[in-house]
Amino acid sequence: TLVELMNRLTTNNYGSLEDIDGLAFEKNKEIIFTKPRKLLTSEELSQLPHPHYDEETKRRLFGRVIETSRGCPNDCDFCTVTEFYGRKYRTKSIEYVIEELKRTKGLGKYTFYSDDNFIGSPHRAINLLEAITDQGLNKQLGIAQTTVKLADNPELMKSMKKAGITFLCIGLESINDESLEGLGKPYNAEQNKRAIKIFRENGFWTHGMMIFGLDGDTKEIYKETLEWM
């Protein structure tokens with residue numbers, strides 16, 4: 001979408017943008033949504049050019065960012081991921097990811113796996129993590145975004161730790177069932193609390209992301225949530 005848009009905007013008298021898929025823009029005080037852009041397949045994602053790092057960027061880089069997948073199988077009402085990347089979970093090949101990790105080895109102090117749901121396909125995630133470990137690419141602190149579902153998969157947790165991923169970013173949102181239901185979350189408050197306990201017991205550091213001011217929240221819920229956090 002971006003390439004097509006920029007090519008159009010750099011021409012004189014480019015006219016309408018409404019025939020470019022994947023855009024939202026304002027026209028005459030109205031928001032125009034064009035036809036959704038067709039999502040890249042796993043095969044196409046695995047053929048994308050690897051990011052380029054010039055020497056100045058390498059010197060200034062605090063952490064490297066690695067994308068191994070796009071999309072999320074969940075469809076929470078408030079989340080932009082499925083609007084932007086679709087609910088269909090698509091992955092880059094393990095070979096592609098390993099090559100990118102090798103190209104950027106030694107850059108920064110940590111590795112952030114930017115997937116919105118790193119464990120969208122648990123079996124594939126384990127295979128990728130084992131490859132990272134086998135290639136000796138697990139020496140930096142690894143950070144990944146995941147869901148509380150990880151707590152139900154001991155093998156996956158073990159593979160993540162071996163691969164150096166010990167810092168988890170988790171969209172908990174709430175420990176109030178009414179609020180979670182209003183968000184369309186597929187997990188309840190008890191699952192959230194139980195998962196965090198399991199992660200701590202298994203040596204993970206958790207960055208829990210919360211939302212206050214939901215329709216089901218009360219003053220008592222705020223107090224309970226802050227004490228639990």
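Residues are numbered from 1 along each chain as its sequence is written, and side-chain values use heavy atoms, with hydrogens and water left out. Because the model is predicted, local features need pLDDT of at least 70 and side-chain atom pairs count only at pLDDT 80 or more, while totals for chains, interfaces and linings use all residues.

**View 1. Helix H6 and what covers it.** H6 spans residues 122-134, 13 residues in total; helices (H or I, at least four residues) and strands (E, at least two) are DSSP runs, numbered from the N terminus. From first C-alpha to last, H6 reaches 18 Å, close to the expected 18 Å, where the expected span is 1.5 Å times one less than the number of residues. Its buried residues are Arg124, Ala125, Ile126, Leu128, Leu129, Ala131 and Ile132 (buried: under 20% relative accessible area, 1.4 Å probe, protein chains only). Among the elements covering them are helices H5 (94-103) and H7 (154-162), along with strand S8 (165-173). After H6 comes Gly136, with a positive phi near 70 degrees.

**View 2. Ile66 in strand S3.** S3 covers residues 64-66. Ile66 counts as buried because its relative accessibility is 1%. Leaving aside residues up to four places away in sequence, Ile66 touches Val97, Glu100, Leu101, Thr104, Thr111, Phe112, Tyr113, Ser114 and Asp115 (contact: heavy atoms within 4.5 Å). Glu100 is 34 residues from Ile66 along the chain, yet their C-alpha atoms are separated by 7.5 Å.

**View 3. The largest pocket.** This pocket holds about 770 Å³ of space. On a 1 Å grid over the protein atoms alone, a pocket is an open set of points where a 1.4 Å probe fits, with protein on both sides within 12 Å along at least five of seven lines; lining residues have an atom within 4 Å of a point. Of 21 lining residues, Thr1, Gly22, Arg37, Glu83 and Phe84 lie nearest the centre of the largest pocket. Helix H4 (residues 81-85) gives the largest share of the lining, 4 residues. By class, the lining has 10 nonpolar, 5 polar and 6 charged residues.

**View 4. The second largest pocket.** Here the volume is about 400 Å³. The second largest pocket is lined by 21 residues, with Cys79, Asp116, Gly171, Glu173 and Lys185 closest to its centre. S8 supplies the largest share of this lining, 4 residues, and H4, strand S7 (141-146) and S8 each give at least two.

Note on methods: Buried < 20%, exposed > 50% of the residue type's maximum accessible area, 1.4 Å probe, protein only. Points joined across faces, edges and corners; volume = space filled by probe spheres on them. Nonpolar A, V, L, I, M, F, W, Y, C, P; charged D, E, K, R; others polar.
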